[in-house]
Amino acid sequence: MPPALFAIPFLLALLPSGAQAAEQTPAAYPVRPLRIVTGFAAGGNTDIIARSIAQKLTDRMGQQVIVENRPGAGSMLGTEYVARATPDGYTILLVTGAMTSQAAVMKKLPFDAARDFAYISNAVTYPFVVVVKPDATMQNVSDLIAIAKKSPGKLNYASVGIGSVFHLGTELFNAMAGVDMTHVPFKGGTEHMVALMGGRIDVVFDTLTGVFQHIQAGRMRALAGTSVERAPLLPNLPTVAQTLPGYDVTSFSGFGAPRGTPPERITRLNREMRAALNEADIRKRFVELGGGVQSSTPEEFTRHVMNEIAKWRKVATEKKIEIQ
């Protein structure tokens with residue numbers, strides 16, 4: 001047998017085969033299942049968003065997209081996991097407003113929001129709502145400000161924890177209105193809402209998702225929404241900005257990937273996500289959750305995340321809010 005023929009098996013062994021060969025062909029991406037990692041437990045709104053988009057991506061990309069819940073430390077466990085994942089386009093992070101507030105107030109984080117991620121697209125934004133007890137004296141934001149100014153420190157407000165968007169958003173209100181409401185932090189969940197309905201708390205700035213059913217049932221009364229535009233679920237509710245021009249507080253959920261993910265894969269994911277977010281059933285579902293669809297380019301979403309961090313860092317600095 002000619003010597004050249006002996007070399008053929010060796011050369012064939014060096015060639016990529018099967019999935020390896022497909023993996024090296026950009027046009028073939030994806031060739032295996034993808035994961036959307038969320039730092040929150042199953043069953044909540046973030047989980048619903050992740051699973052809704054995962055199903056659409058599965059249909060559009062020809063590979064199964066699964067949701068992996070990695071709750072803990074206020075979503076930081078899941079965020080850190082993705083920051084350390086292989087940047088190959090197969091691991092996606094559900095990015096939320098929790099990341100921006102953590103980056104603003106925490107002295108030490110196991111990830112860097114500016115350095116460790118490639119942002120893909122925003123998905124949904126959530127307005128907050130200022131709510132009080134049904135029998136509260138104040139009828140609107142002007143009343144709330146007047147009562148707070150008359151008795152500094154007497155009114156108290158609840159949040160789901162120090163440094164959360166709930167906390168920072170109310171402190172921004174304090175600063176812009178020139179009032180001093182006292183912060184009462186809770187450990188998350190619905191304890192702060194139970195405290196409001198029980199009369200132990202005077203006011204809460206919470207997501208529309210969290211309070212809508214209570215408003216509808218008459219267990220809480222809404223004074224105003226916190227986004228610039230009125231919430232679709234409560235079109236007759238005025239905004240805080242109508243009394244305090246420039247006040248704008250929302251939270252969001254979007255998608256990112258580990259830094260170093262190939263740009264062409266970020267582009268593909270962005271294209272498919274934006275198409276999914278434009279589908280009528282997704283738009284309807286997210287409005288029912290109390291949010292509004294807000295897709296974006298990777299560059300726009302990166303700017304949004306960085307702007308939110310800067311916004312909350314300014315509030316945290318002025319109010320001396322820091323978590324070690």
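The model is predicted: local features need pLDDT of at least 70, side-chain atom pairs count only at pLDDT 80 or more, and totals for chains, interfaces and linings use all residues. Residues are numbered from 1 along each chain as its sequence is written, and side-chain values use heavy atoms, leaving out hydrogens and water.

Start with the largest nonpolar core, which has 50 residues. A nonpolar core is a set of buried Ala, Val, Leu, Ile, Met, Phe, Trp, Tyr and Cys residues joined through side-chain atoms within 4.5 Å. Buried means under 20% relative accessible area, exposed over 50%, and partly exposed in between (1.4 Å probe, protein chains only). Leu144, Phe173 and Met181 touch the most other members of this core. Take Met181. Neighbours within four places in sequence aside, its contacts include Leu144, Ala148, Phe173, Val203 and Phe205. Contact means heavy atoms within 4.5 Å. A second, separate core has 28 residues, among them Ala50, Phe255, Leu269 and Leu289.

Next, two helices. Helices (H or I, at least four residues) and strands (E, at least two) are DSSP runs, numbered from the N terminus. Helix H3 spans residues 45-61 and helix H11 residues 280-288; they pack at an angle of about 180 degrees, with axes 11 Å apart. Axes are lines fitted to C-alpha atoms, for helices over the stretch in contact, and angles run from 0 to 180 degrees between N-to-C directions. H3 and H11 are therefore roughly antiparallel to each other, the label for angles over 145 degrees. H3 contributes Ile48, Ile49, Ser52, Ile53 and Lys56 to the contact, and H11 contributes Asp281, Ile282, Arg285 and Phe286.

Now strand E3, residues 91-96. Six of its six residues are buried, so E3 is largely enclosed by the rest of the structure. Thr91, Leu93 and Val95 lie on one side, Ile92, Leu94 and Thr96 on the other. E3 pairs with strand E1 (residues 34-38) in the parallel sense over three bridges. Two strands pair if DSSP finds at least two bridges between them. In E1, Ile36 stands opposite Ile92 of E3. Strand E9 (residues 250-258) runs antiparallel to E3, joined by four bridges. Here Leu94 stands opposite Phe255 in E9. Phe255 is also one of the residues in the second core.

Finally, His167 sits in helix H7 (residues 165-177). His167 is buried, with a relative accessible area of 5%. Leaving aside neighbours within four places in sequence, His167 is in contact with Tyr157, Ser159, Gly161, Ile162, His183 and Ile321. Tyr157 is in contact with Met181 too.

Terms used. Angles under 35 degrees count as roughly parallel, over 145 as roughly antiparallel, 65 to 115 as roughly perpendicular and the rest as oblique.
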